[in-house]
Amino acid sequence: MSSRQATCYDAAEFLENDEDIVAYLNAALEDGNPSLVSAALGDIARARGMSQLAKETGITRDGLYKALSPTGNPSFATIQRS
């Protein structure tokens, strides 16, 4: 019997350019599940770099992590600033 270890998949590692990001976000939006859209936005933010995104939006890194976490509930105003 062989043992297998599961590896954690991180979509952010595969979002290498704007084209990847647009396709990923469009797929999440087409699904229509708000939780999936929120998760996709978090993945995109991590792919872009939370520190840089915080500087560009004026939202703290901690605030971004909190809003875009699986348990977060970002308001439209937060998303619009991102």
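Student: Is Ala 28 buried or exposed?
Tutor: Ala 28 is buried, at a relative accessible area of 4%. Buried means under 20% relative accessible area, exposed over 50%, and partly exposed in between, using a 1.4 Å probe and protein chains only. This is a predicted model, in which local features need pLDDT of at least 70 and side-chain atom pairs count only at pLDDT 80 or more, while totals for chains, interfaces and linings use all residues. Residues are numbered from 1 along each chain as its sequence is written, and side-chain values use heavy atoms, with hydrogens and water left out.

Student: Which residues does Ala 28 touch?
Tutor: Leaving aside residues up to four places away in sequence, Ala 28 touches Leu 36, Val 37 and Ala 40. Contact means heavy atoms within 4.5 Å. Ala 28 itself lies in helix α1; helices (H or I, at least four residues) and strands (E, at least two) are DSSP runs, numbered from the N terminus.

Student: Which element has the highest mean pLDDT, and which the lowest?
Tutor: Helix α1 (residues 18–31) has the highest, 95, and helix α5 (residues 76–81) the lowest, 53. The mean for the protein is 83, with 85% of its residues at 70 or more. pLDDT is the predictor's confidence in each residue, from 0 to 100.

Student: Switching to α3. Which of its residues are buried?
Tutor: In helix α3 (residues 50–57) they are Met 50, Leu 53, Ala 54 and Thr 57. Seen down the axis of α3, these fall within an arc of 105°, so they line one face of the helix. The arc is that of the directions from the helix axis to the C-beta atoms.

Student: What is on the other side of α3?
Tutor: Lys 55 and Glu 56, which are exposed there. After α3 comes Gly 58, with a positive phi near 80°.

Student: At what angle do α3 and α4 pack?
Tutor: At about 105°, with the axes of α3 and helix α4 (residues 61–68) 9 Å apart. Axes are lines fitted to C-alpha atoms, for helices over the stretch in contact, and angles run from 0 to 180 degrees between N-to-C directions. The angle makes α3 roughly perpendicular to α4; under 35 degrees counts as roughly parallel, over 145 as roughly antiparallel, 65 to 115 as roughly perpendicular and the rest as oblique.

Student: Which residues make that contact?
Tutor: Met 50, Ser 51, Leu 53 and Ala 54 of α3, with Arg 61, Leu 64, Tyr 65 and Leu 68 of α4.
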